Amino acid sequence: MQTAVLGAGSMGHGIAQVLAMAGHDVTMRDVDDERVQAGLDSVEANLSKGVDLGKVSEADREATLDRLAGATDLDAAVRDADLVVEAVPEEMDLKRSVFAEVDDAAPADCVFATNTSSLSVTELASSVSHPERFVGAHFFNPPHLMDLVEVIRAEQTDDDTEAFVVDLLEEAGKTCVVVEDFPGFATSRLGVAIGAEAIRMVEQGVAEPAAIDRAMVEGYNFPVGPLELTDRVGLDVRLHILQYLREELGERFHPPALLKRKVRAGKLGVKSGEGFYRWEDGERVDRD
């Protein structure tokens with residue numbers, strides 16, 4: 001199957017890796033050669049680490065890389081695609097404009113999926129001429145390691161599209177949960193609520209971030225604490241989701257003042273090198 005992933009950032013290159021490892025030919029597209037190459041390099045690094053850990057064979061590594069190509073030309077990336085997965089920044093106008101361009105260039109029977117973590121899939125589906133073939137596919141970070149994908153049905157999504165995407169993802173080794181298109185879906189709504197409360201606890205001096213995270217990992221079997229997860233997702237992304245959910249669902253999603261201050265200071269988490277923790281090359285440098 002020919003697939004296209006739009007965006008070569010942390011989510012885009014991870015999704016591209018998942019699809020390529022599942023045996024699909026993937027074109028990963030971004031706006032310039034530097035970003036595309038960074039995405040390709042990240043996939044190669046992930047696969048090499050998998051080989052070192054004994055989780056990926058050398059043959060699978062090479063086969064995956066052979067199935068993966070980069071591009072900056074949007075039309076060329078999607079013109080033969082059976083599936084297009086969008087993973088551009090979490091901005092409604094940007095995503096709508098991207099899908100409008102894709103709609104003009106992709107085959108008439110192409111399925112479109114958005115990796116949005118909170119925005120209305122129904123509104124995004126209205127950007128294309130066949131919204132019944134549009135669905136949400138919310139991967140978790142990092143996509144090549146996290147099993148869960150939240151599949152979101154837009155108001156327009158038909159049963160064949162849902163089944164196509166679920167079957168494809170499950171064949172790629174993912175676990176799918178299907179939800180309806182409500183603000184924040186299931187996972188983002190719950191995840192940001194827990195994350196926001198953890199931030200308020202830091203703000204109030206209840207405990208240090210590491211203590212709060214350890215409590216949730218050890219006491220509730222979270223794979224990673226809510227504050228470390230906020231750093232990994234991006235404080236700016238979490239702030240944007242909270243602001244959107246506040247508009248849609250009310251004041252219980254009011255963003256903590258501490259989160260706003262950190263974003264204004266450019267402390268965005270892993271991608272800036274500092275959030276609630278300090279980071280270098282994707283690794284915490286202040287881990288206790």
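Q: Over residues 184–279, what percentage of the chain is helix and what percentage is strand?
A: This is a predicted model in which local features need pLDDT of at least 70, side-chain atom pairs count only at pLDDT 80 or more, and totals for chains, interfaces and linings use all residues. Residues are numbered from 1 along each chain as its sequence is written, and side-chain values use heavy atoms, with hydrogens and water left out. Helices (H or I, at least four residues) and strands (E, at least two) are DSSP runs, numbered from the N terminus. The end C-alpha atoms of residues 184–279 are 28 Å apart, and the chain there is 62% helix and 1% strand.

Q: Which feature does UniProt place at residues 184–279?
A: UniProt positions are given here in the numbering used for this model, and annotations may be inferred rather than shown by experiment. The unreviewed entry gives residues 184–279 as "domain: 3-hydroxyacyl-CoA dehydrogenase C-terminal".

Q: How is helix H8 oriented relative to H12?
A: Helix H8 (residues 187–203) packs against helix H12 (residues 257–264) at an angle of about 90 degrees, with the axes 8 Å apart. Axes are lines fitted to C-alpha atoms over the stretch in contact, and angles run from 0 to 180 degrees between N-to-C directions. Angles under 35 degrees count as roughly parallel, over 145 as roughly antiparallel, 65 to 115 as roughly perpendicular and the rest as oblique. H8 is therefore roughly perpendicular to H12.

Q: Which residues of H8 and H12 make the contact?
A: Contact means heavy atoms within 4.5 Å. H12 contributes Ala257, Leu258, Leu259 and Arg261, and H8 contributes Ile199, Val202 and Glu203.

Q: Which residue forms a salt bridge with Arg200?
A: A salt bridge is a side-chain nitrogen of Lys or Arg within 4 Å of a carboxyl oxygen of Asp or Glu. The N to O distance in this pair is 3.5 Å, and both residues lie in helix H8, three residues apart, about one turn of the helix. The partner of Arg200 is Glu197.

Q: Is Arg153 buried or exposed?
A: Buried means under 20% relative accessible area, exposed over 50%, and partly exposed in between (1.4 Å probe, protein chains only). Arg153 forms a salt bridge with Asp159, the closest N and O atoms being 3.0 Å apart, and Asp159 is exposed at 54%. Because its relative accessibility is 15%, Arg153 counts as buried.

Q: How many salt bridges does the count come to?
A: Glu44, Arg61 and Glu62 are linked in a network of salt bridges. By the rule given above, the count comes to 14 salt bridges.
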